[in-house]
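Please look over the sequence and the 3D structure shown here before reading the report.

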Amino acid sequence: MPHDPDPPPAKRFKPGSPFFRLDKKPGMLLPRVGHAPVSVDAQRRQLPIYPSRTQVINQLRQLHNAVFIGETGSGKTTQIPQYLYEAGIGRQGVIAITQPRRVAAISLAGRVAEEKRVQLGKLVGYTVRFEDVTSSETKLKFMTDGMLLREAIGDPLLLRYTVVILDEAHERTVHTDVLFGVVKAAQRKRTEQNKIPLKVFVMSATMDVDLFSQYFNKSPVLYLEGRQHPIQIYYTKQPQSDYLQAALVSIFQIHQEAPPSHDILVFMTGQEEIEALARTCRDISKHLPETCAPMTVVPLYASLPPTQQLRVFQPAPKGSRKVILSTNIAETSITISGIKYVIDTGMVKAKRYNPESGLEVLAVLAVQRVSKAQAWQRAGRAGREDAGSCYRLYTEDEFDNLANMTVPEIQRCNLASVVLQLLALGVPDVLNFDFMSKPSPESMRTAVDQLSILGAVERKDDQVLLTPMGKKMACFPLEPRFSKTLLISPEFCCTEEVLTIISLLSVDSVLYNPPARRDDVLAARKKFISSEGDHMTLLNIYRAFRKVSGNKEWCRENFVNSRNMGLVLEVRSQLRDICIKLNMKLESSLSDLANVRRCLAHGLFMNAAELHLDGSYVALDTHQTVSIHPSSVLFQAKPAYVVFNELLHTSRCYMRDLCLVDADWLHEAAPEYFRRKLRATKS
Ligand SMILES: Nc1ncnc2c1ncn2[C@@H]1O[C@H](COP(=O)(O)OP(=O)(O)OP(=O)(O)O)[C@@H](O)[C@H]1O
């Protein structure tokens, strides 16, 4: 099947035999003010930013650009928007506060609404993908940076806004970096056109202030001093070879020693790892002595349905300890009540772009070390309501050797989506867009080439222009090759199937593969397997899931992750709505799946591979040797031509999610592209 088996479960923890001792060496997050506050108003007054309120307001009034830097928890995100509003600054319009992640935008809006004693969605609201909780009364609007970017497509000058606060600027996601340029251009144009000026403020606890100040018109840097509650930082004495095992031991060490009201937040890398550790923790906690409090384990990762993500904010049942196992989505901005301990594995799963391999089409996901900025943000999730501790599962030397900042995503990802988005935003000269950290000209050119091969752009007098196809492609929140596949699907009368397949591929994994039940899994999957490949197998599973109306028991018996299937339904319905808006014909090819495969060949031809006589495959785009991943249903079959969804670099370069195609289909999809590839091989 197209997904990796679960990682090995963390080895069993033996209560009472600590795996390692935590070095009692405190780190450097130090307290300023002391005591746990009582009411929300009192809490506001006790925040480190409060004594500087008047000064901050004066600065906010005078400046059009400023960079705010202050410790995690000092009150930047919740207070500065309120100070602006209370002082009447920017009241003619809306004050936008952008966040890299939806969970942060939602919870911050909730907190600020509570502080202002208003109903969420009135004065204070939020907008995230698929959810808009704002009204005509909304003046303080928390939103993901992706949403503000989408709004900029219809309103490039962002005229609805008088202030944009770019929060957690250090995260440097692709969206944030594009947004920096868009907001900066909107500010400049509004001044040039004598419109109401736009104020742009940038905030973070951990950023390269000079870079930001320089980029935003040499703006002044304002330091907010102080930290409300102390955070003790602990390092391990020895490097840990197995961070999952180390996390498990640390969780139970704390669990056995600390009062149950002190909750734990653990930073890990991904869904499968989190679910595996959650199962192990639940198992172990059942066998602990009665003197130990019960444990409520709550997972948190991006592909969890939004309502389930918000479960982390609910208190655990009385007397029980909450242990949150999270990816880096809980790393910035959020305050989770009760978190006293943070356990930082020091690892994160992130995109790594490998231009040397020539595989420009794909960025590879890899587990890697966090940056120092990320480590400090993680620590900052403790000590928000009271003193806290952060246990780093690495040595202080290892910490010292971490990179200061995370390399901006824009410099390590495929830029085709970015270029398409910039063109949809009406940016005239995309190749020279004012990025804070410029991607290499080579990777920008490659992106334009890919879009041109997909028919999304054309070049005219040195200019790159969006074609009508490109305009439609930009309407979908998908990678260009997927939006193209969807847009051409009516030609093959299979839009319903393609919608399903793309939705399935957009979600982490709808399959659940417990290693201990490998034989049962194989037996259950057999009936869905299609000799036409993984996409068709997934389609069979989806169809069977719909036939039983998502029955939970059926999901359990067939090792299908019903939660993720729920998400597939949600994504599918959103994509379908866009197809309807674009007047696309929604037909189904029912049992004739050859049409669906032909459509995939036409959309994914840049990810095609050909079988060679020696049994190896060669990627047609780059001529690199690739192999079929053992989890694919085509692993044994070895068809002559396949298209694949992604490449995974481990010991070899594996293709994952494969579909059997005819060579003719590939050539009819992009004759010129394949002629060029052939010429390149011959020369
Ligand atoms: N949802 C919440 N529930 C309880 N307290 C909260 C909540 N949100 C914020 N707070 C309190 O307000 C403080 C300041 O939070 P705020 O998000 O404004 O800080 P910040 O300086 O922006 O930090 P960061 O850089 O980590 O985002 C927190 O430390 C916490 O004490």
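## Overall form

This is a predicted model. The protein contains 24 helices and 24 strands. Its radius of gyration is 26 Å, close to the 26 Å that the globule rule gives for 683 residues, so the protein is as compact as a globular protein of that length. The C-alpha trace spans about 70 × 70 × 50 Å along its principal axes.

Buried residues make up 48% of the 683 residues of the protein. Among contacts with a separation of 6 or more, 75% are between residues 24 or more positions apart.

## Domains

The chain is divided into domain 1 (40-224), domain 2 (231-407), domain 3 (412-461), domain 4 (475-587) and domain 5 (604-683). Taken over C-alpha atoms, the centres of domain 2 and domain 4 are separated by 30 Å.

## The ligand and its shell

The ligand is surrounded by 20 residues, and the closest are Thr72, Gly73, Thr77, Thr78 and Arg384. By type, the residues of the shell are two nonpolar, 14 polar and four charged. Both domain 1 (40-224) and domain 2 (231-407) give residues to this shell, so the ligand lies between them.

Two helices, α3 (76-86) and α4 (102-116), each supply at least two residues of the shell. The largest share, four residues, comes from α3.

## Helix α4

At 1.5 Å a residue, its 15 residues should span 21 Å, and its end C-alpha atoms are 21 Å apart, which agrees. After α4 comes Arg117, which has a positive phi, near 55°.

The buried residues of α4 are Arg102, Val103, Ala104, Ala105, Ile106, Ser107, Leu108, Ala109, Val112 and Ala113. These buried residues pack against several elements: α3, β3 (94-99), β4 (124-128), β6 (140-144) and α10 (306-309).

Is Ser440 buried or exposed? Ser440 has 11 C-beta neighbours inside 10 Å, and a residue with 12 or fewer counts as exposed, so Ser440 is exposed.

Ser440 sits in the loop between α13 (416-424) and α14 (441-453). Ser440 and Tyr50 are 390 residues apart along the chain, and their C-alpha atoms are separated by 43 Å.

Conventions
Residues numbered from 1 in each chain as written. Predicted model: local features only at pLDDT ≥ 70, side-chain atom pairs only at ≥ 80, totals over all residues. Rg over C-alpha atoms; globule rule 2.2 N^0.38 Å. Buried ≥ 20, exposed ≤ 12 C-beta atoms within 10 Å, placed from the backbone. Contact = placed C-beta atoms within 7 Å. Near = placed C-beta within 6 Å. Nonpolar A, V, L, I, M, F, W, Y, C, P; charged D, E, K, R; others polar. Domains from an automatic or database assignment. Expected span 1.5 Å × (residues − 1).
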